[in-house]
Amino acid sequence: MARLFKESVNQRRASISTLVALIPLAFISHYVDNPAIGVRISISVLLSIVFMVIGGRYFYDKLGGVAGDCLGALNQFVELGVLLVFAFSYPQSIVEGFPGEKSHF
């Protein structure tokens, strides 16, 4: 089954699936009132692409290909990167609470 997956994946299909995933993000970042959300989404997409390229090259060099475990590990790294982008890009006032309000952290 892994061989079928490997044989069916090519540059064209990967590009099309990436574009299909980016279309909703483009609409979200365009229609949200806060322009910082668009910046966060752009950084997250770029970070995801970097992780995918580096991970793919690493897996091909070290393992000779990409297996399901490799995709799962890469997925976890991408999710962690996106969560960190959003977590560290929020204003400090959200984390600390409003003036006079008791912080829960």
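Modeller: Let's start with two helices: H2 and H3 are roughly antiparallel to each other (angles under 35 degrees count as roughly parallel, over 145 as roughly antiparallel, 65 to 115 as roughly perpendicular and the rest as oblique). A word on the model too: it is predicted, so local features need pLDDT of at least 70 and side-chain atom pairs pLDDT 80 or more, while totals for chains, interfaces and linings use all residues. Residues are numbered from 1 along each chain as its sequence is written, and side-chain values use heavy atoms, with hydrogens and water left out.

Biologist: At what angle do H2 and H3 pack, and how far apart are their axes?

Modeller: An axis is a line fitted to C-alpha atoms, for helices over the stretch in contact, and angles run from 0 to 180 degrees between N-to-C directions. Here helix H2 (residues 11-31) packs against H3 at about 160°, and the axes are 9 Å apart.

Biologist: Is the crossing of H2 and H3 left-handed or right-handed?

Modeller: Left-handed. The rule is that the near helix is turned anticlockwise from the far one by less than a right angle for left-handed, and clockwise for right-handed.

Biologist: Which residues of H2 meet H3?

Modeller: Contact means heavy atoms within 4.5 Å. On the H2 side you have Leu22, Leu25, Ile28 and Ser29, and they meet Gly38, Ile41 and Val45 in H3. By class, this contact has five nonpolar, two polar and no charged residues (Ala, Val, Leu, Ile, Met, Phe, Trp, Tyr, Cys and Pro count as nonpolar, Asp, Glu, Lys and Arg as charged, and the others, Gly among them, as polar).

Biologist: How many helices and strands does the chain have?

Modeller: Five helices and zero strands, running α-α-α-α-α from the N terminus. Helices (H or I, at least four residues) and strands (E, at least two) are DSSP runs, numbered from the N terminus.

Biologist: Back to H3. How do the axes of H3 and H4 cross?

Modeller: Helix H3 (residues 35-63) and helix H4 (residues 68-89) have axes that come within 9 Å and cross at roughly 155°. That makes H3 roughly antiparallel to H4, and this crossing is right-handed. From H3, residues including Leu47, Phe51 and Phe59 take part, and from H4, residues including Leu74, Phe77 and Val82. The classes come to 14 nonpolar, five polar and one charged.

Biologist: Is serine 44 buried or exposed?

Modeller: Buried means under 20% relative accessible area, exposed over 50%, and partly exposed in between (1.4 Å probe, protein chains only). Serine 44 sits in helix H3 and counts as buried, at 5% relative accessibility. Across the chain, 15% of the 105 residues count as buried.

Biologist: What is serine 44 in contact with?

Modeller: Leave aside its neighbours within four places in sequence, and serine 44 is in contact with Val82, Val85 and Phe86. Glycine 81 is 37 residues from serine 44 in sequence, yet the C-alpha atoms are 7.3 Å apart. Leucine 83 is 39 residues from serine 44 along the chain, with 8.6 Å between the C-alpha atoms. Leucine 83 belongs to helix H4 and counts as exposed at 59% relative accessibility.

Biologist: How many aromatic pairs does the whole structure have?

Modeller: As a general idea, a pair of aromatic rings is described by the distance of the centres and the angle of the planes. Rings of Phe, Tyr and Trp (its six-membered ring) pair if their centres lie within 6.5 Å, and planes under 30 degrees apart count as stacked, over 60 as edge-to-face and the rest as tilted. The search finds one pair: tyrosine 58 with phenylalanine 59, edge-to-face, at 5.8 Å centre to centre and 65° between the planes. Tyrosine 58 is partly exposed, with a relative accessible area of 47%, whereas phenylalanine 59 counts as buried at 12%.
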